[in-house]
Amino acid sequence: MRAESTESRKREVHTRVLVAMEDEYRAYREMIAAGIGVLRPSTEVKTAGLDGLERELARLDPQVVVCSRPETEEVEGRLVWVELPLDPIRPMKIRHRGGHLSESVDPTLEALLAVVDGVERLPKPEGP
Amino acid sequence: MSDTTKDGRTGSSARTADAAVGPEEEAVWTKRVLLVDDHGVFREVLGIVLEHHAGFGEIFHAGSLAEARQTLGERNGDFNLAVVDLDLPDEEGFELLSELRADTPSVPVVGVTASTDQELRARALAAGAGEVLTTTASGEEIVATARRFVGSA
């Protein structure tokens, strides 16, 4: 297997998505990740539990985070944080870098994919 | 992405017989599953995964007991599998289990719950669930369970 640096791998993949939910809802996070992977094959989708989330965020450096919890701090490079509650009656909250916040009262996969698509359309940083 | 029809159906139902599939694949191809869960995103991705990784041909969605009843009525209960959220409000998941066992006993049901309470699991199995999965299950386990029940339908 050809060894790749993290930076070269990032250049090949258009959008990195991390789906993070508590281990009690492993099925949710793995299904959401799998669904995004099927419908948006150009994305790199990983999953993580909430324990050690900060470590995974630093390691994977995702541009989009789908999480059952709200964002605790803004990080450069992280473009969108989607708070997707496990309680279906609570709204999905989408926080974009720069502070723009939107809510979706009836969260759908389509709305989630729109976030990924929005990031995908952003101009990519030029390589060295 | 598969389009959603007016009756809430997604999947490969519009595919023609021109698709090159073997006999085993064709048998799985026409399998219909009813997904009942009030978490819309989870229900949608579950359908996508079951279609693409478990070979289900038609996926039907319901977000409540009422929607499930409507879909079951429209399809005359003609499903190969039902996946039911046992945590639906007002015990609707268990009510649906009872109705499925009474009206469509040939349809295997997999219950899904966030609870690890063994009494709840026993209650669901007694009510007609063929298997109960918790939300701690992996994606592979869910797909494998669905395929196992479809194979026995």
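## Layout of chain B

In this predicted model, chain B runs along its sequence in the pattern β-α-β-α-β-α-β-α-β-α-β-α. That gives 6 helices and 6 strands in chain B. Helices (H or I, at least four residues) and strands (E, at least two) are DSSP runs, numbered from the N terminus.

Of the 153 residues of chain B, 52% are buried, where buried means under 20% relative accessible area, exposed over 50%, and partly exposed in between (1.4 Å probe, protein chains only). The accessible surface of chain B is about 7200 Å², and carbon and sulfur atoms make up 48% of this surface. Such areas come from the Shrake-Rupley method with a 1.4 Å probe; for residues, only the protein chains shown count as cover. Among the contacts in chain B with a separation of 6 or more, 67% join residues 24 or more positions apart. A contact means heavy atoms within 4.5 Å.

## Helix 5 of chain B

Helix 5 of chain B covers residues 118-127, and Leu120(B), Ala124(B) and Ala127(B) in this helix are buried. They lie on the same side of helix 5 of chain B because they cover an arc of only 65 degrees around the axis. The arc is that of the directions from the helix axis to the C-beta atoms.

The cover over these buried residues includes helix 4 (92-103), strand 5 (109-113) and strand 6 (131-134) of chain B. On the face turned away from the buried side, helix 5 of chain B carries the exposed residues Gln118(B), Glu119(B) and Ala126(B).

## Two helices of chain A

In chain A, helix 2 (residues 26-39) packs against helix 4 (residues 109-120) at an angle of about 65 degrees, and their axes are 11 Å apart. Axes are lines fitted to C-alpha atoms, for helices over the stretch in contact, and angles run from 0 to 180 degrees between N-to-C directions. From helix 2 of chain A, Ile32(A), Ile36(A) and Leu39(A) meet Leu109(A), Leu112(A) and Leu113(A) of helix 4 of chain A. By class, this contact has 6 nonpolar, no polar and no charged residues. Ala, Val, Leu, Ile, Met, Phe, Trp, Tyr, Cys and Pro count as nonpolar, Asp, Glu, Lys and Arg as charged, and the others, Gly among them, as polar.

Helix 4 of chain A also contains Gly118(A). Gly118(A) is partly exposed, with a relative accessible area of 26%.

## Basis of the values

Residues are numbered from 1 along each chain as its sequence is written, and chains are lettered from A and ligands numbered from 1 in the order in which they are written. Local features need pLDDT of at least 70, side-chain atom pairs count only at pLDDT 80 or more, and totals for chains, interfaces and linings use all residues, while side-chain values use heavy atoms, with hydrogens and water left out.
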